[in-house]
Amino acid sequence: MASLNSSSASRRFRLRGPIAGLAVVGFLGAAVIAPFALPSAQADDEALAYQAFQERIHQEFTPNVSPEADLVYAEVPVVQLPDPEEERKKKEAEEKAKKEAEEAKLAAEREAGGSSAGLGAPPKYSGGGSPAEWMGAAGIAEGDWGYVDFIASKESGWNPNATNASSGACGLIQAYPCSKVPGNGYDPIDNLRWASGYATDRYGSWAQAYAFWTANHWW
């Protein structure tokens, strides 16, 4: 009887061995495949972002027909006050007055011949080129182009003629005052060359300037 039991146990052991082996192989197979399957969505997002970046920096610039299209209105943070309705009316009145003043200024420029040079402002940029060409001509290392693209996209949307409606800050990186840019603040190469010096002098590098911008939404 003991011999029969032993034979039966031996057969069960031999059957369990292959089954257990298959289970281990299946588990290891899933472990090997899973890490390569998980990041696919992230890789796709990064590829799309890189493609958009390349298209943006190689897009040829076309000047806006209307000077109003170059105006930049800085976002004003909302502050909670005891009387929100009164603050809203005050803010609306300030914005209206600001807009009317800017419209009057533009009208005066048009009456004077459509040029702002007579009022001491540099001429707008009417040349061509792309952000990649401008950055290269300004001496910015290609490894920093991604950082520059991020800041310029936020500051001006890569419009060399962008002008802050309130402060008068100008150009790709919104220099204030515009006159601090050697040459012409609206010239993309002059503006980027000045901005590169600003980035390295104040933050140490474009990478660190980018890190500060992402943390503070200004630089």
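Is the link of Cys-170 and Cys-178 right-handed or left-handed? Let's start there and then work through the rest of this predicted model.

## The disulfide

With 80° about the S-S bond, the link between Cys-170 and Cys-178 turns out to be right-handed. The two sulfurs sit 1.9 Å from each other, and the bond they form joins Cys-170 to Cys-178.

## The loop between E2 and H6

Now have a look at the loop that runs between strand E2 (163-164) and helix H6, where Pro-177 has its place. The peptide bond leading from Tyr-176 into Pro-177 is cis, and its omega is near -10°.

Gln-174 lies in the loop between E2 and H6 too. Check its backbone: phi of Gln-174 is near 50°, which is a positive value in a residue other than glycine. Is Gln-174 buried or exposed? Its relative accessibility is 12%, so Gln-174 counts as buried, the cut-off being under 20%.

## Two helices side by side

Next up are helix H5, covering residues 145-155, and helix H7, covering residues 206-216. They pack against each other at an angle of about 40°, and their axes are 9 Å apart. That angle makes H5 oblique to H7. As for handedness, the crossing of H5 and H7 is left-handed.

Which residues of H5 and H7 make the contact? On the H5 side you'll find Tyr-147, Val-148, Phe-150, Ile-151, Lys-154 and Glu-155. H7 brings Trp-206, Ala-207, Ala-209, Tyr-210, Trp-213 and Thr-214. Sort the residues of this contact by type and you get nine nonpolar, one polar and two charged.

Ala-209 lies in helix H7, and its relative accessibility is 0%, so it counts as buried.

What does Ala-209 touch, leaving aside residues up to four places away in sequence? Its partners are Ile-151, Ala-199, Tyr-203 and Trp-219. Take Ala-199 as an example: Ala-209 and Ala-199 are 10 residues apart in sequence, while their C-alpha atoms are 5.8 Å apart in space.

## What hides H5

Back to H5 for a moment. Its buried residues are Trp-145, Val-148, Asp-149, Ile-151, Ala-152 and Glu-155. What covers them? The cover includes helix H2 (40-57), strand E1 (71-72), helix H4 (131-137), helix H6 (188-203) and H7.

## Just past the end of H5

Just after H5, Gly-157 has a positive phi of about 65°. Trp-158 has a positive phi as well, about 60°, although it is not a glycine.

Where does Trp-158 lie? You'll find Trp-158 in the loop between H5 and E2. Despite that loop position, Trp-158 counts as buried, because its relative accessibility is 7%.

Key: Residues numbered from 1 in each chain as written. Predicted model: local features only at pLDDT ≥ 70, side-chain atom pairs only at ≥ 80, totals over all residues. Heavy atoms only, no water. Axes fitted to C-alpha atoms, helices over the stretch in contact; angles between N-to-C directions. Helix = DSSP H or I, 4+ residues; strand = E, 2+ residues; numbered from the N terminus. Parallel < 35°, antiparallel > 145°, perpendicular 65-115°, else oblique. Left-handed = near helix turned anticlockwise from the far one by under 90°. Contact = heavy atoms within 4.5 Å. Nonpolar A, V, L, I, M, F, W, Y, C, P; charged D, E, K, R; others polar. Disulfide = S-S within 2.5 Å. Buried < 20%, exposed > 50% of the residue type's maximum accessible area, 1.4 Å probe, protein only.
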